[in-house]
Amino acid sequence: MASILDEYEDSQNTRQSAQQHSRLSTANIGITHSGFVNVRLEEEKPIFNKQRIDFTPPERINHLAVCNNQLCMSLGKDTLLRIDLAKPDQPNQTELGRKDDSKVHKLFLDPTGSHLLISLSTSECLYLNRNTQKVRSLSRWRGHLIESVGWNKLLGNETNTGPILVGTSQGIIFEAEISATEGSLFNTNPDQYFRQVHSLEEDGKPAPICCLEVERGLENKYFIIATTRKRLFQFVGKVAEGSEQQGFSSIFSQNQDLLPSFQEFPANMGYSEITFYTSKLRTCPKAFAWMMGNGVLYGQLDYVRPDSLLSDVQVWEYTPDIDLSVNKPISIVLTQFHFLLLLSDRVKAICTLNGQVVYEDVFPDKFGSLKKMIKDPVGGLVWIYTERAVFRYHIQREARDVWQMYMSMNKFDLAKEYCRDRPECMDMVLAKEAEHCFQNKRYLESAKCYALTQNYFEEIALKFIEAKQEEALKEFLLKKLNNLKQSERTQITLLVTWLAELYLNRLGHLESDGNSIIFKETREEFRHFLNTSKHKECLFNNRTTIYDLLASHGNVDDMVYFSVVMQDYERVISHYCQHDNYSAALDVLSKHCDEKLFYKFSPVLMQHIPKQVVDAWIQMGKRLDPKKLIPALMNYSQMGSTQQISETIRYMEFCVYELNVTEEAIHNYLLSLYAKYKPDSLLLYLEQAGTHASEIHYDLKYALRLCAENGYLQACVQVYKIMELYEEAVDLALQVDVDLAKSCADLPEDDEELRKKLWLKIARHVVQEEKDVKKAMNCLSSCDLLKIEDILPFFPDFVTIDHFKEAICSSLEEYNQHIEELKQEMEEATESAKRIREDIQEMRNKYGVVDSQEKCAACDFPLLNRPFYLFLCGHMFHYDCLFQEVTPHLSTYKQNRLEELQKKLAASTQSSKSRHRPAPKEDGDTSSLGKGNAGTSREHIKSDIDDIIASECVYCGELMIKTIDKPFIDPLKFEEEKSSWL
């Protein structure tokens, strides 16, 4: 028993697989023209793979039930064998304990595999739970031969079945509930209740209820299907939410007043069987198949329909080899696309899509006649048994060839659904769908399908051309273009060019026909095509070709649109300018802000719309270089209208005052415009431009010449003032206004002599030219440098003194006061010199005490070893140390001076040592005089050196303060110093 479910492959299947594999290995692998590998390159296992269970029953097998991997088998008269297929080596055998002649009529196993009902031929029923060994009798069920059970999939669990339906051989439907738990003291039976809810008849007589099925739909809607030998009944009703535990009696009561919906067939073979297909566990069935006398009724289950649960119903009539009088079908099982029909010696598989027998398996006589076929809804396996053997069918990849059937039925969407992961099959379906649409003159749909196939591009294109279907051809090319990769540049270029030609032809025909609505739609579609980002690179690389196509069709508007898409704004602007649409051209310029295009097209636009152009320039701001706009501005300022000139001045003023442009050319040009067309603004501009040459951005000489040529004297004076040519400014100002000349005369503040000279010019002009004595006196009061004696020579010889008597007296008083001030300064200077002499005498007698242990502040060696300096602050330095400390900080002039003094000192010392011989007596006085002169010279040199290097302490004086911002280590020697510390 340990090997009861050990599987083995049928020897015949093994031999066939080996033969197929050997043939495959020697076959040549071919590649189809569509680019896909042959679909039969690898061996495929059969859909229905039969396996025999290695099990020899000790007694004959009477009945078998399988559900949720639980297998129950009735053996002989009184034995029940239960096997958990997850643990096949641990079978459980139970004795029914019946001593009478009763036989097992049928076995019923619930969806959980926990509850087993055993119907006996003596109209009794037994119950066995999976977790117990005790077989319990259902006393309330006694007297009824149970033919079918409708399990409760919603409420059933391992310990309780929930409300279920039970069908008997007398056509009565009972509602019952079974609990595996022990009852109370007064109720030990597992059956909680057992009550009749309905009864069914055929031809006015009770008919056995062959099958029962209970399903729940949406909104607590329940569907009950019951079958007799010739009829299929449907009961539909709602159960109040929360009252499901109360059972199904309300559903039958809702249908009591009306005849139940049923379908009837004339033939009667004594029994019938219905089976259902569920795609996923714990979901509602999707399809059904009912085996009855006239054949197999199969179709779909629609839970939305109010009147009937069945839809798309078809009847498959038995084939001639099935004779109801001799060879009746025994059982039926429904899969996703097939139903299996069990005969006494074979199994037939019929496809539900086309009704064709696709599989037939004949069983050897040695196993005996086939008794029953059961499908486990959980595991999906199909079980068949005889009295001496058990077989199992694996259903593998049942949908592998379904696409072909759907394709032959022209149900292409379903065909594509079932070959989604098989591109070679998908290609065949698409090609067939495309051909079907083409033959039915649905050309656009055909084009879409053809574009997805691997068929030859040329054949398809020619096919649409011959049919004169340009729209379909366009659709085909568009789809094909979208499916191309970016690397396939040649193909993309071909398709893009061809599509452009097709669009242009279509637009031309529509325009000539006057169909404006379709024309607009087609134009929008064409422009969308031109603007597609995916093909932008191709369009850009081949834009010349597209331009040529657009030009050949005379399609100017779309050419402009394409130019914008390609950002070829120069072509767009040129087009607008050629058609005198200058505002549109400026709009394109302003929108895209391309400086080069502004420089190129501004001259043309300035000629026609100067104000708008200047507004655009101002809006561009600093992005434009005003110098590059000057040639056009100068051209039209000389030849253009007043508006062009005023707009030119406006833009130049914007550049100068808003953008603060400092280019000399811009300022010179604005000066020339002011001088020629707006002289009132010239002087204001010159005054605002600045008063110093460093602040000026225009050419002063050019400005002077421009003002002089146009006779703007005041402007010339302003330029002279900036050039610091004050004499020329005063001379020119005197021709305009004396006050202007006075303002010019006060400008050279640092040069009193020049100021006096300028004021004398003004005074001479006033006296000699204007002959106004009062004004001359005002000049004296305006300038403190002029005295009455300076301007007296300008007056005539015979002029009365009354007008400047006061001035003369005032001048004499000032002279007297000045003399007194000089006398006081002399006395103060004498007193100061006296005090200085006393301080010098005092300093000569001042001394300092130096200890023998003192050290040089620079080198830290004993101080008395060498000549040294002692400062009042207390710092002491050797002569050479102080020299080295001070020299680097001296100016170049003082360093040169110090070097020169050292050379003189060395030369005088050498000359004094060279005198080694005594001189004659008469010359002695001369020699000693020479020595005295030499000594005096050396002392003088030393004094000069001291003045340079010892004028102040190097650590306490001004020199140290000046070096506060210098680093302690020379940057050039920093790395060397740094490495020395490592």
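Ground rules first. Residues are numbered from 1 along each chain as its sequence is written, and side-chain values use heavy atoms, with hydrogens and water left out. Because the model is predicted, local features need pLDDT of at least 70 and side-chain atom pairs count only at pLDDT 80 or more, while totals for chains, interfaces and linings use all residues.

Let's start with strands. Helices (H or I, at least four residues) and strands (E, at least two) are DSSP runs, numbered from the N terminus. Two strands pair if DSSP finds at least two bridges between them. In general, strands of a sheet pair through backbone hydrogen bonds, either parallel or antiparallel.

Look at the open sheet of four strands. Its order is E7-E8-E9-E10, and the pairing is antiparallel. Which strands stand at the edges? Strand E7 (104-109) and strand E10 (136-137) do. Each has a single partner strand, so one side of each is left without a neighbour in the sheet. E7 is joined to strand E8 (residues 115-120) by five bridges, and the two run antiparallel. Within E8, leucine 120 stands opposite valine 104.

Next, strand E21, residues 273-277. Five of its five residues are buried, where buried means under 20% relative accessible area, exposed over 50%, and partly exposed in between (1.4 Å probe, protein chains only). Both faces are covered. Glu273, Thr275 and Tyr277 lie on one side, Ile274 and Phe276 on the other. E21 also has a partner: five bridges join E21 to strand E22 (residues 287-292), running antiparallel. Tyrosine 277 has alanine 287 of E22 as its bridge partner.

On to salt bridges. Side chains of opposite charge can pair when their charged atoms come close. The cut-off here is a side-chain nitrogen of Lys or Arg within 4 Å of a carboxyl oxygen of Asp or Glu. How many salt bridges does a search of the whole structure find? The search finds 38.

Glutamate 360 pairs with arginine 346, with the closest N and O atoms 2.6 Å apart. This pair links distant parts of the chain: glutamate 360 is in strand E28 (residues 357-362), arginine 346 in strand E27 (residues 346-351), and they are 14 residues apart. Glutamate 360 is partly exposed at 37% relative accessibility. Arginine 346 is partly exposed too, at 22%.

Second, arginine 442 and glutamate 445. Their closest N and O atoms are 2.8 Å apart. Arginine 442 is partly exposed at 35%, and glutamate 445 at 40%.

Third, glutamate 958 and lysine 962, with the closest N and O atoms 3.7 Å apart. Why are these two separated by about one helical turn? Because they are four residues apart in helix H33 (residues 958-962). Glutamate 958 is partly exposed at 45%, whereas lysine 962 is exposed at 57%.

There is also a network of salt bridges. It links Asp203, Lys230, Arg231 and Glu264.

Last stop, the surface. Glu820, Glu821, Glu825, Glu827 and Glu828 gather in a patch of negative charge. Patch residues have over 30% relative accessible area and no salt bridge; like charges are joined within 9 Å, nonpolar side chains (Val, Leu, Ile, Met, Phe, Trp, Tyr) within 5 Å. Take one of the five: glutamate 821 sits in helix H29 (residues 805-844). Is glutamate 821 exposed or partly exposed? Glutamate 821 is partly exposed, with a relative accessible area of 40%.

Note on methods
Accessible areas come from the Shrake-Rupley method with a 1.4 Å probe; for residues, only the protein chains shown count as cover. Lys and Arg count as positive and Asp and Glu as negative; His and the chain ends are not counted. The place of a charge is taken as NZ of Lys, CZ of Arg, CG of Asp or CD of Glu.
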